Amino acid sequence: MSVFVIIAMLLLSPLVGQAYGAPDKANQVAESVKIKVWTVLATNGHATIDPDLKPIAKHLGNLKFSGFDLLSKQGASIDVKGENRFKLVGQRSVLVTVLSRDKDRARVRVQVVGPKGKLLDTTVSIRRNGFFMVAGPPHAGGVLVLPIFARY
Amino acid sequence: MSDRMKEELSPSQLNELRHCDGLETAQERSNVDGEVLLARVELMAELCDLSCPSLASAVMHRLRQSGLPVRAAFSSGPEVPGPMAQAVMGALGVGRGVGAVVADAIVAEAGAAPSLWAGLSSTVGGLDEGESGLDLKNALYAEAVDGSGPISWMRASRRFGVVGAVVGVGIAVAAALMLSIVGVDGPSLEGAMGPMLAAPVDIESLDVGSQNTVQVLQFGLDSPTIIFIASDIEVGK
């Protein structure tokens with residue numbers, strides 16, 4: 001039994017070390033919010049839904065489109081008061097600024113910019129690990145849908 | 001030691017005899033397991049610790065009283081066909097053998113000897129007292145018959161320990177792998193979304209500029225808010 005304990009300690013010691021060192025990293029993560037921005041093309045040109053969109057397919061189904069293609073997935077950990085720009089198709093971009101966060105919600109400012117200027121500037125409070133969607137910019141015969149996730 | 005005895009003894013018994021006689025080679029001595037040696041010492045101590053009353057004179061007195069005509073048996077032995085021992089015993093007329101007569105004399109003098117097995121088992125450890133004495137006896141017998149390999153009844157717990165250690169190492173490795181996966185933000189997990197909360201958002205401000213219109217769609221409390229930037233498209237079902 002003592003042999004087992006010794007070997008187990010040897011094997012787990014690096015991880016235990018990580019765990020003891022984790023508070024710094026945890027604190028670092030605790031000060032940031034992981035923002036994910038997906039780019040989805042909603043179209044009536046077909047009636048299929050990208051398998052990768054299965055987690056949100058039910059909500060996409062509320063829109064008057066028959067098919068949904070996943071164009072890209074982007075993500076970044078953004079510190080409070082920090083911002084990150086996500087580039088989209090068609091010379092568009094989304095600038096996300098994390099204003100604050102608490103244990104329940106994150107206040108996020110989302111600015112969608114197109115070739116001709118600002119499309120949207122909104123500040124929302126997103127439930128922890130929740131998401132909302134920005135939709136509307138036309139693209140390839142359909143419209144772009146941007147699910148924006150806030151995880152922390 | 002005669003060749004006939006060598007044929008009848010197992011290798012382990014021969015080694016035991018050589019060890020007891022101090023005739024073993026240095027290599028054989030180095031091969032002796034320390035645990036086995038310790039067990040031998042404990043067994044010897046247990047056997048020597050028995051308080052044996054001096055019975056010899058009393059037993060011999062009883063044997064003399066039995067009136068065995070040993071001398072006459074030897075003198076008349078050659079006239080009887082067959083081996084001398086058998087002839088002598090036949091002449092003595094002791095059907096059960098002298099050993100049985102001696103045993104009877106000892107028991108009559110000192111009473112029946114208690115069983116040693118329970119005491120031995122408690123001394124060497126690893127077995128409970130009482131009924132386990134028979135197990136120890138059988139183990140010793142099996143070891144003597146087998147004559148090869150280590151003493152099995154001393155190795156049982158060690159084998160369990162080895163198996164337990166191997167299983168433990170396996171569990172530890174699995175735990176280490178699991179912790180390493182869970183504890184590290186690896187790129188392989190970057191795409192994993194985990195649980196998502198579909199709930200409305202609180203909109204503090206909303207500006208779409210003068211050239212656009214906006215629709216805020218909310219299809220239920222368990223649905224995400226959808227902000228639609230357009231004025232000329234009817235998007236909601």
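Modeller: Let us start with chain B, which has 11 helices and three strands, where helices (H or I, at least four residues) and strands (E, at least two) are DSSP runs numbered from the N terminus. From the N terminus on, its elements run α-α-α-α-α-α-α-α-α-α-α-β-β-β. This is a predicted model, in which local features need pLDDT of at least 70 and side-chain atom pairs count only at pLDDT 80 or more, while totals for chains, interfaces and linings use all residues. Residues are numbered from 1 along each chain as its sequence is written, and chains are lettered from A and ligands numbered from 1 in the order in which they are written.

Biologist: How many helices and strands does chain A have?

Modeller: Chain A comes to two helices and eight strands, and along the sequence these follow the pattern α-β-α-β-β-β-β-β-β-β.

Biologist: What does pLDDT say about chain A?

Modeller: pLDDT is the predictor's confidence in each residue, from 0 to 100. Chain A averages 85, with 80% of its residues scoring at least 70, but over residues 14-29 of chain A the value stays under 50. Where pLDDT is low, the predicted coordinates should not be read in detail.

Biologist: What share of the residues in each chain is buried?

Modeller: A residue is buried if 20 or more other C-beta atoms, placed from the backbone, lie within 10 Å of its own, exposed if 12 or fewer do, and partly exposed in between. By that count 32% of the 152 residues of chain A are buried, and in chain B buried residues make up 5% of 237. B:Val101, in helix H8 (residues 98-110) of chain B, is partly exposed because 16 other C-beta atoms lie within 10 Å. The C-alpha atom of B:Val101 is separated by 7.9 Å from that of B:Leu63, 38 residues apart along the chain.

Biologist: Which residues have the most contacts inside the largest nonpolar core?

Modeller: A nonpolar core is a set of buried Ala, Val, Leu, Ile, Met, Phe, Trp, Tyr and Cys residues joined through C-beta atoms within 7 Å. The largest has 44 residues, and those with the most contacts inside it are A:Val110, A:Val134, A:Ala135, A:Val145, A:Leu146 and A:Ile148. Among the elements that each supply at least two residues of this core are strand S1 (32-43) and strand S8 (142-151) of chain A, together with strand S3 (226-229) of chain B.

Biologist: What is the order of the strands in the open sheet?

Modeller: Strands of a sheet pair through backbone hydrogen bonds, either parallel or antiparallel; here two strands pair if DSSP finds at least two bridges between them. The open sheet of six strands has the order S2(A)-S1(A)-S8(A)-S7(A)-S3(B)-S2(B), with mixed pairing. S2 of chain A and strand S2 (214-217) of chain B stand at the edges with a single partner strand each, so one side of each is left without a neighbour in the sheet. Within the sheet, S1(A) and S8(A) pair in the antiparallel sense over seven bridges, and A:Val40 stands opposite A:Val145 in S8(A).

Biologist: Where is A:Lys81 found, and what is its phi?

Modeller: Most residues other than glycine have a negative phi, and most peptide bonds are trans. A:Lys81, in the loop between S2 and strand S3 (83-87) of chain A, has a positive phi near 75 degrees, and A:Lys81 is exposed, with 10 other C-beta atoms within 10 Å. A:Gln91, in the loop between S3 and S4 of chain A, also has a positive phi, of about 60 degrees, although it is not a glycine.

Key. Two residues are in contact if their C-beta atoms, placed from the backbone, lie within 7 Å.
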